[in-house]
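Subject: Structure handover

Hello,

Here is the structure I said I would pass on. My notes on it come after the coordinates.

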Amino acid sequence: MITCRGPEVSPSHELIQANRTALKLRSGRVTRYIQLPRVALYMECSSIMHDFVLFLLLVLFSSFLLNNVEAIGQTTCVSFSSNGSSFPVVQNGVATQVFISPDEWPGVQRAASDFVSDINLVAQVKPALSNITASEATTNISKAIIVGTLGTSTLIDQVVNNTGLDVSSIRGLWEAFIGQEVDNPLPGVDSAYVIIGSDKRGTIFGMYDLSEQFGVSPWYWWADVVPTNHSELFITPPGCSHGSPTVQYRGIFLNDEQPALTNWAFEKFTNGPGGLGTTTPANGTGSPFQSEFYTKLFELILRLKGNYLWPAQWASAFCVDDPLNQPLADLYGIVMGTSHEEPMMRSIPVEWSLFGDGPWDYNVNAQNIYNFWVQGIQRAKPYEGLYTIGMRGDGDLPLIGGIQLLEQIIKDQRGIFSNIFNTSDVTTIPQVWTLYSEVEGYYEEGLSVPDDVALMWTDDDYGNMRRYPVASERNRSGGGGVYYHVDMVASPRDYKWITSTQLSKMYEQLSLAVTRNATRVWVLNVGDLKPYEREIEYWLSLSWDSSLWSPDNVDDFVQAWAQREFKLDSSDAAMVAEVVANLTRYNARRKPELLNSTTYSLINYREADRVVEQWDALANASTAIYNNLASDLQPSFFQMVQHPVLASQTLGKMLVFAGQNNLRASQARLSTNDLADQVQQLFEKDYDLEVEYHSILDGKWDHMMDQTHVGYSYWQQPMANTMPAVNRVQSRKQALPGVMRIVPEGSLGAWPGDDQFDCALGYNCPSPTVILDSFNPFGNVFIDVGSGGPVSFTWNATVSATWLELSTPSGSISPDSPEQRVFLSIPDWSQVPVNAGNLAQVTFTAVAPNQSDLVVPVMVQAQNTKEQVPSNFTGFVESMGVVSFEAAHAIRNTSVADIFWKELPGLGRTLSGVTPWPRDGDNGANFSAGTGPSLEYDFFIVSNRTNITVVTRLSPSLNANGADRPLAFALQVGSDPIQSSYFIPPDVAPGAEPAPWSGLDGFAANVIVSVNMTFNVTPGAQTLKLFMIEPAVVVQKFDIDTGNLQSSYLGPTESVFV
């Protein structure tokens, strides 16, 4: 990919322009990256090249998604004005009537009612919906819309016979549909637009596809998206059609639904204590999840082109809580299932606690459990289902037993299917076995699974797939699938509160599932459903038609989504896409529940300060959009963008400020108390935002943000939000060393006085020294001048060298304004002699009433290495003992066997990732070290080093291509020997993760794997080569330690590129 650096492109609004610029502060300076599909060069581009690339991207983007912003990732066939050949749905205030056959599927009948209502929502005129048969006379009807299912609707079958319409493209397919205008479809009808499904859901999807294009979001109820109004609606030739979806069963799982979803549903749907609804909580369980709730969810799933549901389980029993739940699911067209730990269509643990007899242990209670399963299958038989088989222990714990027991369980369960369905061929009954935790271990150790059973592969609970089907598993008749999480209760911490999954990460993991044929069934664990609206839709869009999506159009998806939901122009929608990308990046680089007050370095690379700046820029950008929206559009934006941004910003800043508070207390700085106040204010603001969410639309979503999230002490959610610990200094007592505190950048200590961090001895320490480097990415260093107590003072600073400049030479400090930051820089490095020994002194003098002047000298060492770098060198330059660059910023990209390294934009903690592409290139081949596709990076070492350590930062992927194909890559620096790393250790046990994976400092929690390799070098120009060994490796960043790599969470800012 060519990555060009150039000027910012000016958006239309000044405020949004400012916020967009602020959001680009990813590496300490404003950089504009224009990215093409392949990584090839990192170079300075002329403004002409920059503008051409931008124009090309906009043209390509527009042609893909934005011809009709009402629909996302669909073939567009709707227009809002006539072009002469288009079919009128609403024209001149008249709506074309809709015909459907009386013998149509009930679910299609119901969806047709939605369809005409959707037209009314958009155009304020409702078409007549009529049940007619082919034999019924019709007269003088110019136009009609005829809807039906091939082979079920006699009306559609007659239309096909009358017109000779070719339906071979969908006949016998799963959930396909065609739409087309035909002449003389029925007696008395001149022409009709026909929507024909290959099966009932194909027909339903054909209607909902048009509804979305007309202007009705799938989230019109669940996120209060206002329909887009159009006075006229037309369908353009050749109409809209779609073949079978990529994934056969596409669904979600409501899980760990307490407190938020349960409390909300209890209030809104039941007449229990505090409830505003009319339904009595379910007998036995008290569950609010009854048919009034579920029918709204069924409709949402279908509008999103999903078809499968694992219902809420922990305090609910879907088939028991409301006897209408299961038949209504079938009527709507939803395939029901149960979670990985709930076999044979029975809720565990709830149903077992109500109706079971004895322990949930097949070793000692097989007959009772068998009978329990028989009843579940008898109850489910009349309805469409994908049946979970197998067994786990009570409470989602490992099964007591082993392979032999599980094989007997499977045999018994298949016997139940045979008996209940009265068939000797149970392969026709859809079954799935989720290889979760120890169950995967049993499979790896030889557990026999019938070939017709779908094997559902799982992630590690944190969005990293444990396994995909290997070559020998990809042709199983039952196929494979994916169970994935955007919400989880598990070690090292629950994450149930706010969106923290990058869509780019989802694409990276799920595209591999498609490539490796895990496309029978996908289930997404969505917790409380909200606030994961966007992630759910992306999941279902990928599973509906993966061919439409690539790593390069993830932001395009969000931009189209923003235009559909919030009626934004392309510029503002692009801003929302960037807000969402950064929101999920900041929350994904470490889950909010895993953050603490020292996650981000308080002293190195300005990391904590930059994190706060990032959150503030994000909040400003989101708020600018929110404030410009019409009032009826604000509630949906608040739910899906504004609240997640503000709530995440609040928590992120609260924890950083708590860390800075504790540090400043140790430095005897009066500003300690201001930070304590800010932490308190942010802690209260956190609850204010929750209340605001619960109050919008007259409390429609009350309780949906009930989830606690501040003050985790172990993996489980805290029982109450708890403010992080803060300190205070006595505001009326002066610090022992005097009125002024001097703290140089990068120091834990403070001057004057004694501090354990001022020097090794901890007392009588020399004056501090700061280093100004000519290739420092920030271009300066800072010194904080702070108050040591209640006395106000003025200060001034004198400089001993003419080449050194201060941002301000004087100021005043008071209890109301206790801090001032002074930046030191060298405007003209040519005035500084080329050596490392140039010293200057900055003398800070505090003047306070009735006190002697307090003088603190700070030494400044200038490291001018500019002349060491040749003028013809292009690459990154060492500064302060480190070279750092993003993996996407390669100089050369060399392909082998048509495989090359491709950027995955937006993925990871800082900018993006690179991975070998295509995913299955050369039939999934691997390479020996040094022979595979490669990227090259040029960098320059100015220090006198004989060796360096290259730290490669990789995405935490597991050995998902099988234990015999562990992930690996290779590096080479110059002519030094090539080094390989198989960087993911083997699992500690079958079905378990590797030892470094877990824990608060594990690969999953840190969302990064760091691999160190040491190479011999001589000072000067160097080339780092990255070689592919195995596919699916994702590299994010390189930090090269040339003697002074400091501790931080995200690593150094990117080095200066010349």
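This is a predicted model: local features need pLDDT of at least 70, side-chain atom pairs count only at pLDDT 80 or more; totals for chains, interfaces and linings use all residues.

Below is what was found, grouped by topic.

Disulfides

The structure holds two disulfides. One is formed by Cys77 and Cys240, with the sulfur atoms 2.1 Å apart. This pair links distant parts of the chain, the two cysteines being 163 residues apart. Cys77 sits in the loop between helix 2 (47–64) and strand 4 (78–79), and Cys240 in the loop between strand 12 (233–235) and strand 13 (249–254). The link of Cys77 and Cys240 is left-handed, with -120 degrees about the S-S bond. Cys77 is buried at 1% relative accessible area, and Cys240 is buried at 3%.

The other disulfide joins Cys759 to Cys765, S to S 1.9 Å. The torsion about the S-S bond of Cys759 and Cys765 is about -65 degrees, so this disulfide is left-handed. Relative accessibility is 19% for Cys759 and 17% for Cys765. Buried means under 20%, so Cys759 counts as buried, and Cys765 counts as buried too. Cys319 is another buried cysteine, with 17% relative accessibility.

Backbone geometry

Most residues other than glycine have a negative phi, and most peptide bonds are trans. The following residues depart from that pattern.

The peptide bond from Pro237 to Pro238 is cis, with omega near 0 degrees. Pro238 lies in the loop between strand 12 and strand 13, which is also the loop that holds Cys240. A cis peptide bond also joins Gln258 and Pro259, where omega is about 15 degrees. Pro259 belongs to the loop between strand 13 and helix 6 (260–269).

Asp256 lies in the loop between strand 13 and helix 6 as well. Its phi is positive, near 50 degrees, and Asp256 is not a glycine. Asp256 is buried, at 13% relative accessible area. Asn764 likewise has a positive phi, about 50 degrees, without being a glycine. Asn764 is found in the loop between strand 21 (740–744) and strand 22 (769–773). Is Asn764 buried or exposed? With a relative accessible area of 67%, Asn764 is exposed.

Helix packing

Helix 11 (residues 366–380) packs against helix 12 (residues 403–421) at an angle of about 40 degrees, and their axes are 10 Å apart. That angle makes helix 11 oblique to helix 12. The crossing of helix 11 and helix 12 is right-handed. On the helix 11 side, the contact is made by Tyr370, Trp373, Val374, Ile377 and Gln378. Helix 12 contributes residues including Ile409, Asp412, Ile416, Phe417 and Phe421.

Met488

Met488 is in the loop between strand 19 (480–485) and helix 14 (503–515). Met488 counts as buried, at 6% relative accessibility. Leaving aside residues up to four places away in sequence, Met488 touches Tyr436, Asp461, Asp494, Tyr495 and Lys496. Of these contacts, Asp461 is 27 residues from Met488 in sequence and 6.4 Å from it in space, C-alpha to C-alpha.

Annotated domain

An unreviewed UniProt entry annotates residues 875–1054 as "domain: Gylcosyl hydrolase 115 C-terminal". Over residues 875–1054 the chain is 4% helix and 39% strand. The end C-alpha atoms of that stretch are 12 Å apart.

Regards

Conventions: Residues are numbered from 1 along each chain as its sequence is written. Side-chain values use heavy atoms; hydrogens and water are left out. UniProt positions are given in the numbering used here, feature names are shortened, and annotations may be inferred rather than shown by experiment. A disulfide is a pair of cysteine sulfur atoms within 2.5 Å. Buried means under 20% relative accessible area, exposed over 50%, partly exposed in between (1.4 Å probe, protein chains only). Axes are lines fitted to C-alpha atoms, for helices over the stretch in contact, and angles run from 0 to 180 degrees between N-to-C directions. Angles under 35 degrees count as roughly parallel, over 145 as roughly antiparallel, 65 to 115 as roughly perpendicular and the rest as oblique. A crossing is left-handed if the near helix is turned anticlockwise from the far one by less than a right angle, and right-handed if clockwise. Contact means heavy atoms within 4.5 Å.
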